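Thanks for making time, everyone; I would like to walk through a few local features of this model, going slowly enough that the cut-offs are clear.

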Amino acid sequence: MTAAQTPRPHPASPEGGARGGSRSPPLRPPPAAYRPPAHSPASAESAAEQADRLLAIRAGEGDDDAFATLVDRHITSLLALATHLMGNRHDAEDTVQDAFLSAWRRLPQFRGDAAFRTWMYRIVTNRCLSVLRRRPPAATPLHTSPEPAQPTGPAQPERAAETHAATDALARALARLDAGQRTCWVLRELHGLHYDEIAQVTGISQQSVRGRLYRARRNLAQEMSPWR
């Protein structure tokens with residue numbers, strides 16, 4: 001799906017109340033692999049959050065272009081998050097599409113208590129967990145995680161095969177974690193969120209986040225012990 005193929009919601013269209021519409025928010029295809037942004041100084045992060053907040057205000061007032069800019073800024077990370085939680089790209093695209101449509105309708109109520117990114121992460125995470133209550137997740141596609149590329153020349157075929165097998169084993173182990181542990185692990189280890197951000201996204205305390213991460217890491221270590 002491309003932005004050109006997917007029309008933007010319009011303030012005058014009937015769906016979603018006064019601003020929503022039968023059309024969906026713009027959704028562009030992400031790059032093949034998601035890599036979270038490198039660590040940035042706090043001032044740079046604050047500037048990005050302030051820019052998001054201003055765009056959200058303008059979008060809440062019916063500015064289609066402002067909302068399209070927000071989609072462009074966050075769609076890659078949100079699709080990666082949904083793919084990590086759902087286990088496949090098709091379901092992830094549907095989930096993120098629904099999440100942006102929900103966000104568009106709820107923007108007038110966005111108060112900026114949390115960063116826009118955190119707000120969207122919460123919407124996407126809740127939608128993924130709602131689906132996963134009705135069916136088990138597929139193995140997490142770790143090939144979309146930000147792992148550095150390893151040299152795999154002709155002289156290293158056995159090493160490459162072993163690495164691939166270990167990655168598949170980790171993906172299956174992640175799928176066997178309960179949803180709470182898996183979500184916290186994905187948000188922390190694959191998306192680099194801090195404990196307070198994970199608490200805001202999942203709606204639990206930081207202490208509970210730490211507990212879930214501890215249990216997730218312990219369970220994964222046990223599952224992966226044959227590979228050590």
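After α7 comes Gly-203, which has a positive phi, near 75°; helices here are DSSP runs of H or I with at least four residues, numbered from the N terminus. Before going on, this is a predicted model, in which local features need pLDDT of at least 70 and side-chain atom pairs count only at pLDDT 80 or more, while totals for chains, interfaces and linings use all residues. Residues are numbered from 1 along each chain as its sequence is written, and side-chain values use heavy atoms, with hydrogens and water left out.

Within α7 itself, Glu-197, Ile-198, Ala-199 and Val-201 are buried, meaning under 20% relative accessible area with a 1.4 Å probe and protein chains only. Those buried residues pack against α4 (116-132), α6 and α8, where contact means heavy atoms within 4.5 Å.

Turning to α8, residues 206-223, its 18 residues should span 26 Å at 1.5 Å a residue, and the end C-alpha atoms are 26 Å apart, which agrees; the expected span is 1.5 Å times one less than the number of residues. Buried in α8 are Val-209, Gly-211, Leu-213, Ala-216 and Leu-220, and their cover includes α5 (157-176), α6 (179-190) and α7 (195-202).

Finally, Asp-52 sits in helix α1, residues 42-60, and is buried, with a relative accessible area of 4%. Its side chain makes a polar contact of 2.8 Å with that of His-74, a polar contact being a pair of N or O atoms within 3.5 Å, of which, within protein, one must be able to donate a hydrogen and the other to accept it, and residues adjacent in sequence count only if both atoms are side-chain atoms.

Methods. Helices (H or I, at least four residues) and strands (E, at least two) are DSSP runs, numbered from the N terminus. Buried means under 20% relative accessible area, exposed over 50%, partly exposed in between (1.4 Å probe, protein chains only).
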